[in-house]
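This report describes how two chains meet and how one of them is built. Please look at the sequence and the structure before reading on.

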Amino acid sequence: MKGLLQRELVATLRTRGSVINPLGFLLLSILLFAIADPGVRDEQSKDLSSVFWVLILLTNMLSLDAMFRRDFDSGALEQMLISAHMPFVAILARIFVHWLGSGLLITLFVPLLGLLLGLRPEMFLPIMLVLLVGTPALSLLGSIGAALTVGFSRGGAILALLILPLFLPVLIFGNASVAAVVSGQAYTAPLVWLALCSSVALTLAPWATWAALKISVEMQ
Amino acid sequence: MSGRITSSLKQLWHKLGSPRWFYEITHNWVRFFGVSALLLLTVGFIWGIAFAPADYQQGNSFRIMYVHVPAAMVGQSLYLGMGVAGFVGLVWRMKLADVAIAATLPLGIGLTALALFSGSVWGRPTWGSWWEWDGRTVSTLVLLFLYLGIYALREAIADSNLRARAAALVSLVGTVNIPVIKYSVDWWNTLHQPASFSLTEKPAMPPEMWLPLLVMALGFYCFAAHNVLSRMRLEVLRREGKTRWVNELFAAPAASQSTER
C-alpha cells in the first residue's frame, strides 16, 4: 500500500499540469463570477455557496480525465489489473492520490478563495471541514466515470453526462452545509449527510471502478 | 417418459438466456400485451377524460393525471428493470440482458420525457408555472439524464460485448444511486420550500377518479411490456441474423412465395 501510494504521488507530482490546471480553472472561474455578478462577492449572498460548489464539481470533473489516462495509454494500467495482488487497493490508492491533488488542494486554498469572496476568517475552518468531508465522494464517484471513459478519445462530454447526475447529492448537502456556515446557522446535519455520501461512495465506488477499468482495458 | 424429461431439461437449458427460446416464447406475449394495452388504454382514456368527475378545485385540468402519473410510474419502473438487467448481465454475462437494456432505453427516455412534459402542462394551471423546482420534478429530470448518459455511452462504444458490459455497469450504479438522489433532492426541497403544493396527492380521491387511473396505469405497463418485448425480439433477430434458426424462420415464407410464382 505504501509503495503504491508513493508511486502514485511521484507520478502525480511529475505531471504537475494535471493538478495545477484544474486549480487554475477554479480560481479563474471564481474570478469570472465575481466580475460578472458583484452579488457573489457579498458575504450575505445566497449565491456564494452554490457558485462555490458547482465550480468545485466542474473542477473535479476536469481533473478526472487525468486519473487513469497516462497509465492507460502506456499499458501500466493493464499490468496493474493483472499483477497487483489486490487491484482494489491499488485503485483506492489512485483515487486517494487524485483526491490529494483535487479535493484536499482546493480545501487548502479555501482561505485564499474566502478572501477573494469576502468571507470572514472565522468561516474558513468550517468551510474547510465541509470540503474535507464532501470532496472524497467526488473523487470516488468520479473514478467510475473516469474508468469507463478512459478508452474514448473524446470522452469529456460523456463523462459529464454520466457523472454529474451522481454528484447531485454531494452538491445538495455540500451547498446546504456551506450556506449554513455562511449564514451562521448550525451546519452539523448537512455535514453528517455529506459524510454519509462519502462513506457510501467509499464502500461501493472502487468496485464499480474496478469493473469499469476491466472493460476499458479490454477495449484497448 | 424419458423424452418428456429430456425435453423439459432442454427447455430449462434454453431458458437460461437462449435468444431463440426467448423469441419463440414471447411471440404470444407480445400479442397478449399489445391487445391488453389497446383495450386498457382505450377504456381508461375514455373513462378518465369523459366520465370521471371533475375535480372540485382543479376542474378538468386534473385529467392530465391519467397520462402523467402512469408515464412517471412506468418511466421509473423501466429504470429499475434496467438495473436488474444490468446486474444479470454483469453476473451471468447473459446476452439477453443487454438486449433488454437496449430495448428499454428508448421507451424509458420517451416516458420520462412525457412525464416531465405532461407535468409541466399540468403545473401551468395548478401551480401557476410551467416548471417548479419540486423534489419529484427534479429527481425525474435527473432520471432522464441518467437514461441519456447510458444512451450516450452505448453510442460511444463500438465493440458490442464491451458496450454491453459498460451499459450494464452504469445501469447498476445508477440504480444504487437513484434512492440517494431521490432522498437528497426531497430533503433539499423541504429545506428550501417548506410549504410546497400537495395538490397532486389528494388524501381521499374518490374511486370514480382513481379507478380509471388504475386502468391507465395497467395499460401503460402492458404497453411498455409490449414495446420492450417487441424491440427485444427485433434486436434478437438482428444479432442472431447469421444463425440457422433465424435463416430458417425467414427462408420458409420466402421459399413458399417463390414456389407460388
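## Where the chains meet

In this predicted model, 24 residues of chain B are in contact with 20 residues of chain A; two residues are in contact if their C-beta atoms, placed from the backbone, lie within 7 Å. On the side of chain B that touches chain A, the elements giving two or more residues are helix H5 (135–156) and helix H6 (160–192) of chain B. H6(B) supplies the largest share, 14 residues. Helices (H or I, at least four residues) and strands (E, at least two) are DSSP runs, numbered from the N terminus.

By residue type, this side of chain B has 19 nonpolar, three polar and two charged residues. Ala, Val, Leu, Ile, Met, Phe, Trp, Tyr, Cys and Pro count as nonpolar, Asp, Glu, Lys and Arg as charged, and the others, Gly among them, as polar.

## The build of chain A

Chain A contains 11 helices and zero strands. Its radius of gyration (taken over C-alpha atoms) is 18 Å, close to the 17 Å that the globule rule (2.2 Å times the number of residues to the power 0.38) gives for 220 residues, so chain A is as compact as a globular protein of that length. Along the principal axes, the C-alpha atoms of chain A fill a box of roughly 55 × 30 × 30 Å.

## Inside chain A

Of the 220 residues in chain A, 46% count as buried, meaning that 20 or more other C-beta atoms, placed from the backbone, lie within 10 Å of the residue's own. Among contacts in chain A with a separation of 6 or more, 78% join residues 24 or more positions apart.

## Conventions

Residues are numbered from 1 along each chain as its sequence is written, while chains are lettered from A and ligands numbered from 1 in the order in which they are written. In this predicted model, local features need pLDDT of at least 70, side-chain atom pairs count only at pLDDT 80 or more, and totals for chains, interfaces and linings use all residues.

Definitions and conventions. Buried ≥ 20, exposed ≤ 12 C-beta atoms within 10 Å, placed from the backbone.
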